[in-house]
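My entries follow the display.

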Amino acid sequence: MYAVATLGNLAIILIIRVERRLHEPMYLFLAMLSTIDLVLSSVTMPKMASLFLTGIQEIEFNICLTQMFLIHALSAMESAVLLAMAFDRFVAICYPLRHASVLTGPTVAKIGLASLARGFVFFFPLPFLLKRLSYCQTHTVTHSFCLHQDIMKLSCTDTRVNVVYGLFIILSVMGVDSLFIGFSYVLILRAVMELSTRGAALKAFNTCISHLCAVLVFYVPLIGLSVVHRLGGPTSLVHVVMANIYLLLPPVVNPIVYGAKTKEIRSRVTRMFLQDGR
């Protein structure tokens, strides 16, 4: 999975970089998404693989906190980029004549920087909130990587601040993003339904299929993981599997979906293989 995620996301980033005709908002956002997926998979998958290959099932506390911060911050950045891609599709379908003037190069760059800053600012306090706690129970985390709610459960002191802040950032970051993405697609569907011919409607909506797949792959496991954790009780195999799907699936699936559905990327990859064959 790590090999597929690394090769797939690197291929998308390099193709968008070298193909000047792909220097459009949709593909620039896709390059951002692939970069985040590349870093996210590198933060989680090699350590998971080492657990099986070496049998050493320990991680130093500060390294664990660093991994936790990167996982949560990168997830927030990915959520923001998915929202930006939804906005791009909304403008392209509902206001096509304004698309070039609304989503200019500098605007896309500012959106990318805002996504980066938001992920950093919101999740930067988490390691410090965890370091202030006392840990007198077992020091065994139940997930395959370090997550805030998992480390928090190891504490024997009051964790209300962590619980409240964790719920706040989930709702204000991923919750708000998902609402705006849903609202964007309501407006997109309304605009598509108003098109004069069925062929035009299908062609317009077809440009959203890859993004919809990325949204579902990201948000469905996230919502499922949040629900099972909020239900309380000891961490079970369901929690672990949901967390693995949430973090491991998007970096692998996204490049495959976009590579298959995006004609420009697919044709470039085909040309690369044909050149290698010669």
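In which helix does Ile15 lie? I found Ile15 in helix α1. Helices here are DSSP runs (H or I, at least four residues), numbered from the N terminus. This is a predicted model, where local features need pLDDT of at least 70, side-chain atom pairs count only at pLDDT 80 or more, and totals for chains, interfaces and linings use all residues. Residues are numbered from 1 along each chain as its sequence is written, and side-chain values use heavy atoms, leaving out hydrogens and water.

I looked up the burial of Ile15. At 2% relative accessibility, Ile15 is buried (under 20% relative accessible area; exposed is over 50%, partly exposed in between; 1.4 Å probe, protein chains only).

Next, the cysteines. I found 1 disulfide in the whole structure (a pair of cysteine sulfur atoms within 2.5 Å). Cys64 and Cys146 form it, with sulfur atoms 1.9 Å apart. The S-S torsion is about -120°, so this disulfide is left-handed. Cys64 sits in helix α3 (residues 61-94) and Cys146 in the loop between α6 (125-131) and α7 (148-152), so the pair ties together parts 82 residues apart in sequence. Cys64 is buried at 5%, and Cys146 is buried at 2%.

Cys208 is in no disulfide; the nearest cysteine sulfur, in Cys94, is 9.0 Å away. Cys208 is buried, at 0% relative accessibility. Cys213 is partly exposed, at 30%. Its sulfur is 11 Å from the closest cysteine sulfur, in Cys208, too far for a bond.

Conventions
Helix = DSSP H or I, 4+ residues; strand = E, 2+ residues; numbered from the N terminus.
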